[in-house]
Amino acid sequence: EEANEAFNQDDFATSLKLYTDGLDALDQPASPSPAPHDTSFAAIGSNQSIRLVDSMRSLRLTFHSNLAETYLRLGMGHMARDHCNLALTIDEEDRAVHERLHHAERMIKHHR
């Protein structure tokens with residue numbers, strides 16, 4: 001949310017940092033499982049696990065897509081392309097990411 005606000009205010013340095021921090025947080029290992037005698041945590045069921053994985057994939061896609069757009073605004077086509085390609089490994093059909101990738105490729109071609 002803060003990253004989107006920064007982006008909307010053209011504060012791209014802050015939005016880059018916050019989107020990157022979001023990706024880094026997703027890459028952190030989960031905290032250790034509670035001890036078997038600890039009843040404060042219920043076991044996560046398979047449906048909950050699937051929803052959690054889907055949510056994390058969706059967040060990762062959003063962060064890469066938003067980073068791509070931010071790099072486009074900064075005129076950094078190579079970085080935008082890299083994040084588009086990472087986003088497309090998550091959802092190869094995402095139309096917005098394909099549009100950003102096309103824009104990044106044109107930017108790279110015209111800056112050679």
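Visitor: What should helix 2 span, going by its 16 residues?
Guide: At 1.5 Å a residue, helix 2 should span 22 Å, and its end C-alpha atoms are 22 Å apart, which agrees. The expected span is 1.5 Å times one less than the number of residues. Helices are DSSP runs of H or I with at least four residues, strands are E runs of at least two, and both are numbered from the N terminus.

Visitor: Before going on, what kind of model is this?
Guide: This is a predicted model, where local features need pLDDT of at least 70, side-chain atom pairs count only at pLDDT 80 or more, and totals for chains, interfaces and linings use all residues. Residues are numbered from 1 along each chain as its sequence is written, and side-chain values use heavy atoms, with hydrogens and water left out.

Visitor: Back to helix 2. Which of its residues are buried?
Guide: Phe12, Ser15, Leu16, Tyr19, Gly22, Leu23 and Leu26 are the buried ones. Buried means under 20% relative accessible area, exposed means over 50%, and partly exposed is in between, with a 1.4 Å probe and protein chains only.

Visitor: Where do they sit around the helix axis?
Guide: Seen down the axis of helix 2, the buried residues fall within an arc of 130 degrees, so they line one face of the helix. The arc is taken from the directions from the helix axis to the C-beta atoms. On the other side of helix 2, Ala13, Lys17 and Ala25 are exposed.

Visitor: What do the buried residues of helix 2 pack against?
Guide: They pack against helix 1 and helix 3. Contact here means heavy atoms within 4.5 Å.

Visitor: How many helices and strands are there in the chain?
Guide: Five helices and zero strands. Along the sequence the pattern reads α-α-α-α-α. The chain has 112 residues, and buried residues make up 31% of them. Taking contacts between residues at least 6 apart in sequence, 60% join residues at least 24 apart.

Visitor: Which residues touch the most other members in the largest nonpolar core?
Guide: Tyr19, Phe63, Leu67, Tyr71, Leu72 and Ala80 do, in a core of 14 residues. Helix 1 (2–8), helix 2, helix 3 and helix 5 each give two or more residues to this core, and helix 2 gives the most, with five residues. A nonpolar core is a set of buried Ala, Val, Leu, Ile, Met, Phe, Trp, Tyr and Cys residues joined through side-chain atoms within 4.5 Å.

Visitor: What is tyrosine 71 in contact with?
Guide: Leaving aside neighbours within four places in sequence, tyrosine 71 is in contact with Leu16, Met76, Met79, Ala80 and His83. There is also a second, separate core of eight residues, which includes Ala68, Ala87, Leu88 and Ile90.

Visitor: New topic. How many salt bridges?
Guide: The count comes to five. A salt bridge is a side-chain nitrogen of Lys or Arg within 4 Å of a carboxyl oxygen of Asp or Glu. One of them joins the side chains of arginine 60 and aspartate 27, at 2.9 Å from N to O. Arginine 60 lies in helix 3 and aspartate 27 in helix 2 (residues 12–27), so this pair ties together parts that are 33 residues apart in sequence.

Visitor: And what about glutamate 69 and arginine 100?
Guide: Their side chains also meet in a salt bridge, again given as 2.9 Å from N to O. Glutamate 69 is in helix 3 and arginine 100 in helix 5 (residues 95–110), so the pair ties together parts 31 residues apart in sequence. Glutamate 69 is buried, because its relative accessible area is 16%. Leaving out residues up to four places away in sequence, glutamate 69 touches Phe7 and Arg100.

Visitor: Is histidine 64 buried or exposed?
Guide: Histidine 64 counts as buried, at 9% relative accessibility. Its place is in helix 3 (residues 46–73). A polar contact of 2.9 Å joins the side chains of histidine 64 and histidine 83. A polar contact is a pair of N or O atoms within 3.5 Å; within protein, one must be able to donate a hydrogen and the other to accept it, and residues adjacent in sequence count only if both atoms are side-chain atoms.
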